[in-house]
Amino acid sequence: MNANLLKYFRQDKLPHIWCPGCGHGIIMGALVRAIDKVGLEQDKTVIVSGIGCSSRAPGYMNFDTLHTTHGRAIAFATGIKMAKPELNVIVVTGDGDGAAIGGNHLIHACRRNIGLTVIMFNNNIYGMTSGQYSPLTPVGKKATTAPYGNIDPEFDICNVVKGAGATFIARGTAYHVKQLIDIIARGLTHDGFAFIETLTQCPINYGRRNKFADPVEMLMWQKEVTVSKEVYDKLSEEEKAGKIVTGILYHDDTKIEYTKAYEKVIELARKGGQK
Amino acid sequence: MAEKQILLQGNEAVVEGAIAAGCRFYAGYPITPSSEIAEGMARRLPQVGGKFIQMEDEIGGMAATIGASLAGLKSMTATSGPGFSLKQENIGFAVMTEIPCVIVNVQRMGPSTGLPTSPGQGDMIQARFGTHGDSSIIALTPSNVKEAFDLTIKAFNFAERFRSPVILLLDEIVGHMRENVKLPGADEIEIINRKRPTCKPEEYFPYQPDEDLIPPIADYGTGYRFHITGLYHDKTGFPKGQSPMISDLLLRLHDKILKYQDEVTLIESKYLDDAEIVVLSYGGIMGSAISAVESARKEGKKVGWIKLITIWPFPDQYLLEVAKKVKAFIIPELNLGQIQREVQRATLGKAEIIGLHRVDGDIIRPEEILDKIREVL
Ligand SMILES: Cc1ncc(C[n+]2csc(CCOP(=O)(O)OP(=O)(O)O)c2C)c(N)n1
Ligand code: SF4
């Protein structure tokens, strides 16, 4: 690793506890590189997570960090951002943590357009609790709680947050690291709610159960099944079938960020105005 | 600001108390009979540069309250029974991670949705044992509007002093009661602020207690760069699942409150010197209790009263001493005897314990208590 980047890690906490071949470390690495790239001030950056394998990432990162309760990271982060809008508040969450138990906080944070950057590590499964299906487990795939194949249709989580009002939406993969660093960097500088879904592999609890020989095969799957938005837009309907789109999917910087909107409330209240 | 006399509702007194205590953040979800607190905070906080947010549910309200406190603001949330249940997981998180904050529960009749607009006192035990694990907590109960104001300030002071969540238990009677109250001027109010580290950031351990058992807490964003988790952790804040560190932490969380029980325990009483029986109560029916005792005194009966203000930690020792001198306790409550059981436990059979319950959404009137006194004496 680039020596410049070491300062962003709590080196005494490494090596990490993720399984060999797990994609989570790649995403954490991309996040740190993106932080460095856009030059976020280390002492003005807070990293918040819920519970899950992915949510263990903040422990390794040398910032103010908060490992909360399952699904609630965005709600804790909302309090931090409201209290000190000058902080960069980044949320690290899993597909179970953020889309299942935390789904309500996710959609409402989108609706408010509060200035958080949320990175969802999507491994299509509950890793930490050893392989139960999540809202992002594709239909037909196996999980400990779907031994005959999952029948719950999966969310396209980027569509969900779009419908809920997120103003920056992107998707990357553990395979396409350079692209991932770029889109996280763009998300970090967005003034509003930024959501980045990242495909990552859980060879232990998803791969093994769903006929992936090893982590490499899972990474190759990420390579083959994805296509960047620019290319995707030019494909025919048949060619689009089964493809997962990556890159910046949506960006709107015309909507006011929530803590800025609240500043106006304070101004009004101080003038004694009710409006 | 000089003393001023105003007509206030109990819930509004909580709002004014919070603002006076320095509360600058509120996150919650509306529920009867606590909603006036959210409404009042929405109006008052921005006037003093504070922030209000109506979250998507009570869980989020508790979470955001903790987050804002970590960023350095005195923070509060308010709710009623069903919402209080939802907050419990995160209240436990605040206990474990030692984040100062205030949780107000304006109690209504449960279980479940129960009676939304009727008074109840059915969350007394939930306040103590609602979250999982052997958590420690401070809970205070006002019995009138002025006390609602004063105890809200106390709740913030205890939260800051002990680096702990503090629960303020109202009931619908106090929440909606209106009284003319004299609010003290700012210079007459004692305000306590959390202990912040004075060491260099490199030397800071977020869970290294001082001699008083309480660790200083830094604000996020000030360069101390520390980690917080609800997992068992050592002084550095990082998980450590090794004995005896685990029990050391759990016991310290208890001891940092129990060591100061004398300071935390607030009780009022009257006529205990010659009392043969005592009416012990709290909250919105304390008025009935006092009035019944006054009537009984006029009839020449040797009866006194005790008002519990601090409910948790429970004043075991104090009540045991009283029990040694009296024949019986009469305990009126708007539940089936939640505090009665605690008194029973604390007094070791030294006095008879007589419950007086009402669980029909109505209050307990002075005559009912007087009748009970006459039955016993
Ligand atoms: C309230 C609550 N319910 C359930 C759990 C158990 N639990 C811990 S992690 C987890 C799933 C995490 O999955 P995901 O967010 O996808 O993260 P991953 O481990 O796959 O990275 C669950 C269900 C919990 N800790 N708290
Ligand atoms: S269980 Fe899966 S997600 Fe968790 S560390 Fe192992 S490989 Fe990664």
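User: Why is B:Glu276 called partly exposed?

Analyst: Its relative accessible area is 28%. Buried means under 20%, exposed means over 50%, and partly exposed is what lies in between (1.4 Å probe, protein chains only). B:Glu276, at 28%, falls in between and therefore counts as partly exposed. This is a predicted model: local features need pLDDT of at least 70, side-chain atom pairs count only at pLDDT 80 or more, and totals for chains, interfaces and linings use all residues. Residues are numbered from 1 along each chain as its sequence is written, chains are lettered from A and ligands numbered from 1 in written order, and side-chain values use heavy atoms, with hydrogens and water left out.

User: What makes B:Lys327 and B:Glu276 a salt bridge?

Analyst: The definition asks for a side-chain nitrogen of Lys or Arg within 4 Å of a carboxyl oxygen of Asp or Glu. Here the closest N and O atoms are 3.1 Å apart. The pair qualifies. B:Lys327 sits in the loop between α11 (316-323) and β15 (328-333) of chain B, and B:Glu276 in the loop between β11 (267-270) and β12 (277-281), so the bridge ties together parts 51 residues apart in sequence. Helices (H or I, at least four residues) and strands (E, at least two) are DSSP runs, numbered from the N terminus.

User: Why is B:Lys327 called exposed?

Analyst: B:Lys327 has 53% relative accessibility, which is over the limit for exposed.

User: What makes B:Lys307 and B:Glu147 a salt bridge?

Analyst: Their closest N and O atoms are 2.4 Å apart, which meets the cut-off. The pair links distant parts of the chain, 160 residues apart: B:Lys307 is in strand β13 (residues 303-308) and B:Glu147 in helix α6 (residues 145-162), both of chain B.

User: How do you know whether B:Lys307 and B:Glu147 are buried or exposed?

Analyst: B:Lys307 has 5% relative accessibility. B:Glu147 has 11%. Both values are under the limit, so both residues count as buried.

User: What holds B:Arg194 to B:Glu160?

Analyst: A salt bridge, with an N to O distance of 3.0 Å. B:Arg194 is in the loop between β9 (178-183) and β10 (227-229) of chain B, while B:Glu160 is in helix α6, so parts 34 residues apart in sequence are tied together. Both B:Arg194 and B:Glu160 are buried.

User: How many salt bridges are there over all chains?

Analyst: The search of the whole structure finds 36. B:Arg358, B:Asp360, B:Asp362, B:Arg365 and B:Glu368 are linked in a network of such bridges.

User: What makes a pocket, and what is the volume of the largest one?

Analyst: On a 1 Å grid over the protein atoms alone, a pocket is an open set of points with protein on both sides within 12 Å along at least five of seven lines. A cavity differs: a 1.4 Å probe fits at its points but cannot get out. Volume is the space filled by probe spheres set on the points, which are joined across faces, edges and corners. For the largest pocket that gives about 450 Å³.

User: How do you know which residues line the largest pocket?

Analyst: Lining residues have an atom within 4 Å of a point. The largest pocket has 24 of them, and A:Asn122, A:Asn124, A:Pro138, A:Trp221 and A:Ile244 lie nearest its centre. In chain A, β6 (194-199), α8 (215-225) and β8 (244-251) each supply at least two lining residues. Helix α8 of chain A gives the most, with 4. By class the lining has 12 nonpolar, 6 polar and 6 charged residues. Ala, Val, Leu, Ile, Met, Phe, Trp, Tyr, Cys and Pro count as nonpolar; Asp, Glu, Lys and Arg as charged; the others, Gly among them, as polar.

User: What makes A:Tyr175, A:Val216 and A:Met220 a patch?

Analyst: Patch residues need over 30% relative accessible area and no salt bridge; nonpolar side chains (Val, Leu, Ile, Met, Phe, Trp, Tyr) are joined within 5 Å, like charges within 9 Å. These three residues make a nonpolar surface patch of about 250 Å². Areas come from the Shrake-Rupley method with a 1.4 Å probe; for residues, only the protein chains shown count as cover. A:Val216 lies in helix α8 of chain A and is exposed at 53%.

User: What sets B:Glu98 apart in its backbone, and is it buried or exposed?

Analyst: Phi of B:Glu98 is near 60°, a positive value in a residue other than glycine. B:Glu98 lies in the loop between α4 (81-97) and β5 (101-109) of chain B. Its relative accessible area is 0%, so it is buried.
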